Amino acid sequence: MTAPALFDLAGTRAVVTGANTGIGQGIALALATAGAAVIGVGRSSMDDTAARIAEAGGRFEAVQADLSAPMAAAGVIDAVWAEHGPIDVLVNNAGIIRRADAVDFTEADWDAVMDLNLKSVFFAAQALARRALSDGRPAKIINIASMLSFQGGIRVASYTASKSGVAGLTKLLACEWAGRGINVNAIAPGYVETNNTEALRKDQERSSDILKRIPAGRWARPDDMGGAAVFLASRASDYIHGITLPVDGGWLAR
Ligand code: NAD
């Protein structure tokens, strides 16, 4: 057999934003284990991720950046491409959430979430595509969506708007770039045990209501997202464009 294995990422370079913890860390570890050289981009120390990947025998480097700053996402993609070489896979994972009733929701909480969760996703993808298209290189872009790309939620107005936007943007970019060698898809995690859901898990009533609705009978762990990420980063997904793939323990099936 001469063709590379369907899920083998050896020889590829993957950028994962927000790779220090949670879902980004789980995805970085999975991509590195599948053979990718992973570059984590984020504002916090990624030493823990680096140690876990080293232990698994993988390759990881960290690049510090606050992706909320104006055009920081595009800048960091350009800088990584220039300093480390071409990027084959981009996982737009960094994201935040702000909780308040819609009647009380502030403009600051609207802007903070939209700037990181939606605007930085678009401009990172655009920066990667400009380079890949001009060099005639294929690329895979994986955006992290949410159950709130499909549902309304409560008390998270800007988050729902941003994640619904991520699903729409994923389709738009797929329509523009599918014929030019770039796959754009998204993963929609269900309810995952990370910092993002800490407040929810501390609320006994909400937490037990959520758990009761998950057919798999448990919250997801960050490493549950790894398989879908490897799939969407690999040759196995070459003909998949514009999907938002739920990894939700069956939540949306209820
Ligand atoms: P998390 O809070 O553990 O991780 C968020 C990551 O984003 C961290 O690495 C953090 O450092 C990074 N980040 C935040 N602000 C940043 C900035 N300004 N610049 C650079 N990096 C920044 O939460 P998580 O659950 O792992 O979230 C990861 C992604 O998954 C987010 O997009 C989130 O919306 C999404 N998500 C989470 C869940 C869940 O249940 N936890 C469900 C669906 C989607």
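Author: Let's start with the residues that line the largest cavity: they divide into 5 nonpolar, 3 polar and no charged. Here Ala, Val, Leu, Ile, Met, Phe, Trp, Tyr, Cys and Pro count as nonpolar, Asp, Glu, Lys and Arg as charged, and the others, Gly among them, as polar. This is a predicted model, where local features need pLDDT of at least 70 and side-chain atom pairs count only at pLDDT 80 or more, while totals for chains, interfaces and linings use all residues. Residues are numbered from 1 along each chain as its sequence is written, and side-chain values use heavy atoms, with hydrogens and water left out.

Reader: What is a cavity, and how does a pocket differ from a cavity?

Author: The general idea is that rolling a probe the size of a water molecule over the atoms shows where empty space is left. On a 1 Å grid over the protein atoms alone, a cavity is a set of points where a 1.4 Å probe fits but cannot get out; a pocket is an open set with protein on both sides within 12 Å along at least five of seven lines, and lining residues have an atom within 4 Å of a point. Grid points are joined across faces, edges and corners, and a volume is the space filled by probe spheres set on them. In this structure, the search finds 1 cavity of 30 Å³ or more, and the largest cavity holds about 40 Å³.

Reader: Which residues line the largest cavity?

Author: They are Thr17, Leu67, Ala73, Val76, Ile77, Asn92, Ser120 and Ala124. Helix 3 (72–84) gives the largest share, 3 residues, and helix 4 also supplies at least two. Helices are DSSP runs of H or I with at least four residues, numbered from the N terminus.

Reader: How much space lies in the largest pocket?

Author: About 1,000 Å³. Of its 45 lining residues, Gly95, Ile96, Tyr159, Thr194 and Asn196 are the closest to the centre. The lining divides into 20 nonpolar, 19 polar and 6 charged residues. For the second largest pocket, the volume is about 310 Å³; among its 19 lining residues, Thr12, Lys140, Ala233, Ser234 and Arg235 are the closest to the centre.

Reader: Where does the ligand sit?

Author: A molecule sits in a pocket if more than half of its atoms lie within 2 Å of the pocket's grid points. Here the ligand sits in the largest pocket.
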